[in-house]
Amino acid sequence: MKNSLYISVVALVVAVLTALCCFFGCCSHKTTAPAALNVADLRVALENNPEMIVNALQKYEEVQRQAQLQEASRLFKSNIEELNNNANAPFVGPKDAKIVLVEFFDFSCGYCKRLAPAVEAIVKKNPDVKVVFKPITFVAQISKYAAQAALAANEQGKFMELYEVMLGSQSRLTEETINSMAEKAGLDMKKFKEDVASEKVQTTIKEVSDLANKLQVRGVPTLVLNGTQIQVIDEAGIQAEIDRLK
């Protein structure tokens, strides 16, 4: 494994240096070809200056990260209507708000649980911002039932009540505990159970899953503000991004 990694790093550095040589060779007025790189000398140089490897990898990772962010931005912008205005998606705030925050999350995700108080605070402090919720269901088996329950609660106007209690729970979620939470939240349990199994809720789950796949959402939580993914998961950071758009 180490040898394989070393070969990959050497190949990367060689590729970078070769590209630089070609660039300066092309830009030069000289007609002579650039000197060939000596891999043995390069290996010695890397062994004597290991920081070259770290710097090359860091640069490569940054280039890859920027490319991924640019592609994500393109995908989010091209699917902005479905992202922000799907008729079945739970949301709070004005329907036609000029600032829209979308959260992809999973009720079984530990990081989503940590983020939830910040999202709840953002909702309370920004009544002029539309916050749209996209529950996805890949972290644990119970995730799907939790998402169905939250969408069923939304049918009775109590999405946030169940969102807060489920993501605020430190205990492992089960169908029994989720149903108990729904009852304590004041839901009509007969209608709740009908809605959990309803075609509308099943369709919404699939719509969210299909959209996440289309947008290449690979992890949760993922926050999208006016069609751009934001790289912050704390209240102050999210608020600063919102304030920048106001």
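The protein exposes about 14200 Å², and carbon and sulfur atoms supply 55% of that area. The model is a predicted one. Of the 246 residues in the protein, 39% are buried. The chain forms 11 helices and five strands. Among contacts in the protein with a separation of 6 or more, 79% join residues 24 or more positions apart.

**Helix packing**

Two packed helices are described by the angle between their axes and the distance between the axes. Two pairs are set out here.

| Helix pair | Residues | Axis distance | Angle | Handedness |
|---|---|---|---|---|
| H6 and H9 | 142-154 and 189-196 | within 8 Å | roughly 125 degrees | right-handed |
| H5 and H11 | 110-125 and 235-245 | 9 Å | about 40 degrees | right-handed |

The axes of H6 and H9 cross at roughly 125 degrees, which makes H6 oblique to H9. Which residues meet where H6 and H9 pack? On the H6 side they are Tyr145, Gln148, Ala149, Ala152 and Ala153, and on the H9 side Phe192, Asp195 and Val196.

In the pair H5 and H11, the axes lie 9 Å apart. Here Leu115, Ala118, Ala121, Ile122 and Lys125 of H5 meet Glu235, Ile238, Gln239 and Ile242 of H11.

**Asparagine 179**

Asparagine 179 belongs to helix H8, which covers residues 175-184. Is asparagine 179 buried or exposed? Its relative accessibility is 18%, and because buried means under 20%, asparagine 179 counts as buried. Leaving aside residues up to four places away in sequence, asparagine 179 touches Tyr145, Met189 and Phe192. Two of these names return from the packing of H6 and H9: Tyr145 is in H6 and Phe192 is in H9. Along the chain, asparagine 179 and phenylalanine 192 are 13 residues apart, and their C-alpha atoms are separated by 9.0 Å.

**Cysteines**

A disulfide is a covalent bond between the sulfur atoms of two cysteines. How many disulfides are counted in this model? With a cut-off of 2.5 Å between the cysteine sulfur atoms, the count comes to zero. Cysteine 109 has a relative accessible area of 5% and is buried. Cysteine 112 is buried too, at 0% relative accessibility. Both values fall under the 20% limit, so both cysteines are classed as buried.

Methods
Residues are numbered from 1 along each chain as its sequence is written. This is a predicted model: local features need pLDDT of at least 70, side-chain atom pairs count only at pLDDT 80 or more; totals for chains, interfaces and linings use all residues. Side-chain values use heavy atoms; hydrogens and water are left out. Helices (H or I, at least four residues) and strands (E, at least two) are DSSP runs, numbered from the N terminus. Buried means under 20% relative accessible area, exposed over 50%, partly exposed in between (1.4 Å probe, protein chains only). Contact means heavy atoms within 4.5 Å. Accessible areas come from the Shrake-Rupley method with a 1.4 Å probe; for residues, only the protein chains shown count as cover. Axes are lines fitted to C-alpha atoms, for helices over the stretch in contact, and angles run from 0 to 180 degrees between N-to-C directions. Angles under 35 degrees count as roughly parallel, over 145 as roughly antiparallel, 65 to 115 as roughly perpendicular and the rest as oblique. A crossing is left-handed if the near helix is turned anticlockwise from the far one by less than a right angle, and right-handed if clockwise.
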